[in-house]
Amino acid sequence: MTAPAARPCDICRIQDRSGPEFGTRFEAMECWRDETWVVRHHLAPAPLVGWTFLGTVRHVQGAADLNDREAAELGPMLRRVSRAVRTLTGCDRVYAIAFGQGAPHLHVHLIPRFDSEPGTAAWSVADWYRAVERGEQPPADPAAVADFVERMRKLGSG
Ligand SMILES: [Zn+2]
């Protein structure tokens, strides 16, 4: 059983493309989608190249509210997208974090982690994220992000 959304959430509006503010800058970051899942890169300013979201198409707050199909597909999808992030960035590992707080709609942050960058180790990645958000840390190069999205789209369609 799933609780209905009290109001359209930002992620639903992005995915439905139902608001003028959710236009091309979001579409430019969408890598691919199927009936159940959407894969999207973090918007600019992106904390890291390859900072990717795996989200449900349907509005669900978190894993507790997944239907049977979504629950069965989550593991394989996490593996598929995490492997793609690792392949495309060459990172050492891929972190998976889901809060569902900024927008109450399941979206797992899949974060490329490089051992050579200690500033992104474990919870330090949250400090990194906030530093980019505040403009204290340079964001990922938009051209490199666009290239990642292009390559992710090719992987997703294959
Ligand atoms: Zn939603």
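Tutor: Two strands pair if DSSP finds at least two bridges between them. Strands are DSSP runs of E with at least two residues, helices are runs of H or I with at least four, and both are numbered from the N terminus. The model is predicted: local features need pLDDT of at least 70, side-chain atom pairs count only at pLDDT 80 or more, and totals for chains, interfaces and linings use all residues. Residues are numbered from 1 along each chain as its sequence is written.

Start with the pair S4 and S5. Strand S5 covers residues 107-113, and five bridges join S4 to S5 in antiparallel fashion. Alanine 96 has leucine 110 in S5 as its bridge partner. Arginine 93 is bridged to arginine 113, also in S5.

S1 and strand S2 (residues 37-41) are antiparallel and share three bridges. A hairpin of three residues connects S1 to S2. Tryptophan 32 faces valine 39 in S2.

In general, strands of a sheet pair through backbone hydrogen bonds, either parallel or antiparallel.

How does the sheet sit in the chain? The chain has five helices and five strands. Read from the N terminus, the elements run α-α-β-β-β-α-β-β-α-α.

Next, burial. A residue is buried if 20 or more other C-beta atoms lie within 10 Å of its own, exposed if 12 or fewer, and partly exposed in between, with C-beta atoms placed from the backbone. Five of the seven residues of S5 are buried, so S5 is largely enclosed by the rest of the structure. Over the whole chain, buried residues make up 29% of the 158 residues.

A nonpolar core is a set of buried Ala, Val, Leu, Ile, Met, Phe, Trp, Tyr and Cys residues joined through C-beta atoms within 7 Å. The largest one has 25 residues, and Leu54, Val85, Leu110 and Met152 have the most contacts inside it. At least two residues of this core come from each of S2, S3, helix H3 (68-89), S5, helix H4 (124-133) and helix H5 (142-157). As a general point, nonpolar side chains tend to be buried together in soluble globular proteins.

Take leucine 110 again. Contact means that the C-beta atoms of two residues, placed from the backbone, lie within 7 Å. Neighbours within four places in sequence aside, leucine 110 is in contact with Thr52, Leu54, Val81, Ser82, Val85, Val94 and Ala96.

Leucine 43 is partly exposed, with 14 other C-beta atoms within 10 Å. Beyond four places in sequence, leucine 43 is in contact with Arg25 and Met29. The peptide bond from alanine 44 to proline 45 is cis, with omega near -5°.

Valine 132 is found in H4 and is partly exposed, with 19 other C-beta atoms within 10 Å. Not counting residues up to four places away in sequence, valine 132 touches Pro45, Pro47, Gln137 and Pro139. Valine 132 and alanine 44 are 88 residues apart in sequence, yet their C-alpha atoms are 10.0 Å apart.

One more loop, between S5 and H4, holds alanine 122. Its phi is near 45°, a positive value in a residue other than glycine. Alanine 122 counts as exposed, with 8 C-beta neighbours inside 10 Å. In general, most residues other than glycine have a negative phi, and most peptide bonds are trans.

Last, the whole chain. Among contacts between residues at least 6 apart in sequence, 57% join residues at least 24 apart. The C-alpha trace spans about 45 × 30 × 30 Å along its principal axes.
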